[in-house]
Amino acid sequence: MALTGRHRPSAGHAFSPYDAVLRAAAPRLARRRLLTVTAAAAALAFSTHLPARGAAAAPELEAARIPDDPFTLGVASGDPLPESVVLWTRLAPEPFEADGGLGRRRVLVRWEVALDEGFAVVVRRGAALAHPEYGHSVHVDVEGLSPGSEYYYRFRAGGHISPTGRTRTAPAEGAPTAGLRLAAVACQAYQDGHYTVHGHLAQEDVDLVLHLGDYLYEYPVDSAGGQRGYPDGTLPGVFDREPLTLADYRLRYALYKSDPDLRAAHAAHPFVVTWDDHEVENDYAGARDENGSPPEQFLLRRAAAYRACWENQPLRSGQMPQGPDALLYRRLHWGSLAQFDILDTRQYRSDQAYDGRPHAPGPESDDPARTLTGAEQERWLLDGWRASEALWNVMPQQVCFAQRKFGPAAQARVSMDAWDGYRASRDRIVAGAKAAGIDNWVILTGDVHVGCAFDIKDDFDDPRSRTLGTELTCTSVASGGDGTDRPPDWDAYMRANPHMKFYNGRRGYVRVELGREAARADFRTVAAVTTPGAPVTTAASFVTEAGSPGLKPV
C-alpha cells in the first residue's frame with residue numbers, strides 16, 4: 001500500500017490476510033488514474049475477506065485447548081430492540097498479539113441469556129463460531145426475548161467463562177412508556193488519561209449508553225501510555241505509531257478494551273455506538289484524508305478501520321462493512337416515548353471548506369450543494385421524522401449542530417468541521433424538523449471535548465427567534481486531559497452565543513432522563529483523569545418541557 005508523509009508504514013506494522021487483500025487491490029486502483037471513488041469502493045467491496053466454508057474453512061481449534069483466559073477484552077451488548085439485542089465478545093488470550101494468540105483457527109463459543117445474575121433461569125442459549133477472519137469476534141443477535149426486560153448474559157469457550165454482562169430490551173414499539181434514562185459519552189483518547197468516567201458510568205442506573213464517536217484515536221501511544229504514566233516499557237511498540245492495517249486497528253481496539261473501567265461500562269449497560277473521525281483518521285471527510293491522499297488510496301485504510309470497528313463493537317450484521325462502506329446510520333425506538341435517529345456525519349460528507357481551518361462562513365462553506373450527511377441519509381432522516389409518533393425525537397450524532405461562534409464579532413470564525421461549516425445542510429435539517437412538526441427535538445453530540453447545552457434556534461443570530469429544540473454535548477471521557485470548569489474562552493463563547501446555556505471543560509458524560517412531561521439533563525464531571533480515582537459530581541442540570549422547548553436550569 002503506497003502511502004506518503006507521516007502515514008508511510010514502518011516494518012513494525014502488523015498485518016492480517018485481509019490486509020494482503022487490500023494491498024493487492026492498491027496497484028489496480030493506482031493504475032486507473034481516472035478511477036472514481038465509487039468504482040474504488042465497489043472494487044474493495046468485492047475483495048472483502050470473509051470466512052470460507054467447507055474444505056476451505058479455517059481449521060477449528062478445540063476450545064478446551066486454550067490455556068489462558070480468552071475473554072480479556074470483556075463482553076458487550078448493544079442496539080436493543082423489543083425482542084432482541086446484540087451480544088458481543090472477542091477471543092484474545094494474547095490481546096496485544098496480531099492474531100490475539102489464536103492463530104488462524106476458528107473457535108466454538110457458547111452463550112446463554114438468563115433472567116438472573118446466577119443463571120438459574122436461562123431463557124436462551126446457543127453457540128457461535130469465532131472466525132479468524134473476523135478477528136475471533138462473536139456477534140450474537142439474540143431473538144425471542146420479552147420487550148422492556150432486563151437480562152444477564154455470558155459466553156463460554158472450553159473451560160473458560162466470560163464476565164457476566166447485563167442488558168435489556170426496548171419496550172414494544174408504540175407501547176406506553178413512562179421514562180428512559182440514558183447516558184451519552186464520546187472521545188476517549190487512551191493516552192490522555194484514565195477511564196475514570198467509565199468507572200462511574202458503570203455504576204449509573206441507566207437503560208442505555210450512547211457512544212457518539214472517537215471510541216479510539218489513531219495517534220501514537222508510547223510505552224508509558226502517555227498521561228497514564230505507566231512504567232516505561234509497559235506497552236509494546238506496536239502502539240507507538242498510527243494504525244494503517246486491519247491488524248493495527250484490531251490491536252488498537254485491544255488496547256482500549258484492556259481498560260477495566262471501559263469493560264465494566266460495557267458489561268453494565270447496552271451501548272448504541274456510532275463513529276466520528278478518529279476511528280479512522282483525524283478530520284477525514286468521505287473519501288478524503290487530511291493529507292490529501294488519492295481517494296482510492298485512503299479508502300484502503302478506511303476499509304481496514306471500518307472492518308475493525310464492526311469486529312469490536314456490539315453491532316448487527318447489517319452494519320458489517322463491505323470494503324470501505326458501512327451502513328451505520330440507523331433508527332431505534334423506545335416504546336411510544338422516543339425515536340433515536342443515529343447519524344453518520346463522516347462517511348458521506350463534503351470536504352471541509354477553507355482547508356478545514358476555523359473561518360467565518362463564506363461562499364465556499366455556504367455552497368448549497370455541500371452536505372454533512374449525504375443526500376440519502378438526509379432523506380432517510382426527514383422521512384423518519386415525518387413518520388414518527390414518538391414524544392421525543394433524539395438525534396445522536398457527532399459534531400456540534402448549533403451555531404458556535406469563536407468570538408463576538410459579526411463575522412466571527414466558526415468550525416469548518418462542524419455543522420457551522422455546512423450551513424446549507426443544517427438549514428435543510430432544520431426545515432425538515434419544522435415541516436415534520438417535531439416539537440421535542442433533542443440532539444446529542446460528541447467531538448468537542450467540552451460539555452455544552454444549547455437551545456436550537458430558528459435563527460441563531462436572533463435570540464428572540466423560536467426555540468426548536470435542545471442540543472447537549474457530552475464532553476469527553478479522556479481526550480484533552482483534565483480540563484477545567486471554565487476554559488479560557490468561556491467569556492467570549494458565552495457572549496458570542498446567547499443560545500449557549502452551559503459551557504464546561506471537565507471530562508465526564510451527560511445523563512438524560514426522558515419523561516412524559518419533560519427531559520432532564522445532568523452534566524456529570526470528574527476533576528481529573530491524569531490521576532485515577534476522581535469522584536464524579538454534577539456540574540449543572542437543566543430541564544426542557546415536552547411541547548415547550550427551551551433549557552431551564554434546575
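Visitor: What makes helix 4 and helix 6 a packed pair?

Guide: The axes of helix 4 (residues 246–257) and helix 6 (residues 295–311) come within 8 Å and cross at roughly 35 degrees. Axes are lines fitted to C-alpha atoms over the stretch in contact, with angles from 0 to 180 degrees between N-to-C directions. This is a predicted model: local features need pLDDT of at least 70, side-chain atom pairs 80 or more, while totals for chains, interfaces and linings use all residues. Residues are numbered from 1 along each chain, and side-chain values use heavy atoms, without hydrogens or water.

Visitor: Which residues of helix 4 make the contact?

Guide: Leu-246, Tyr-249, Arg-250 and Tyr-253. Contact means heavy atoms within 4.5 Å. Partners on helix 6 include Arg-301, Ala-304 and Glu-311.

Visitor: How do you know that the span of helix 4 agrees with its residue count?

Guide: The expected span is 1.5 Å times one less than the number of residues. Helix 4 has 12 residues, so it should span 16 Å; its end C-alpha atoms are 16 Å apart, which agrees.

Visitor: Why is Cys-187 called buried?

Guide: Cys-187 has 0% relative accessibility, so it counts as buried. Its phi is near 60 degrees, a positive value in a residue other than glycine.

Visitor: What makes Tyr-354 buried?

Guide: Its relative accessible area is 14%, so Tyr-354 is buried. Tyr-354 also has a positive phi, about 50 degrees.

Notes:
Helices (H or I, at least four residues) and strands (E, at least two) are DSSP runs, numbered from the N terminus. Buried means under 20% relative accessible area, exposed over 50%, partly exposed in between (1.4 Å probe, protein chains only).
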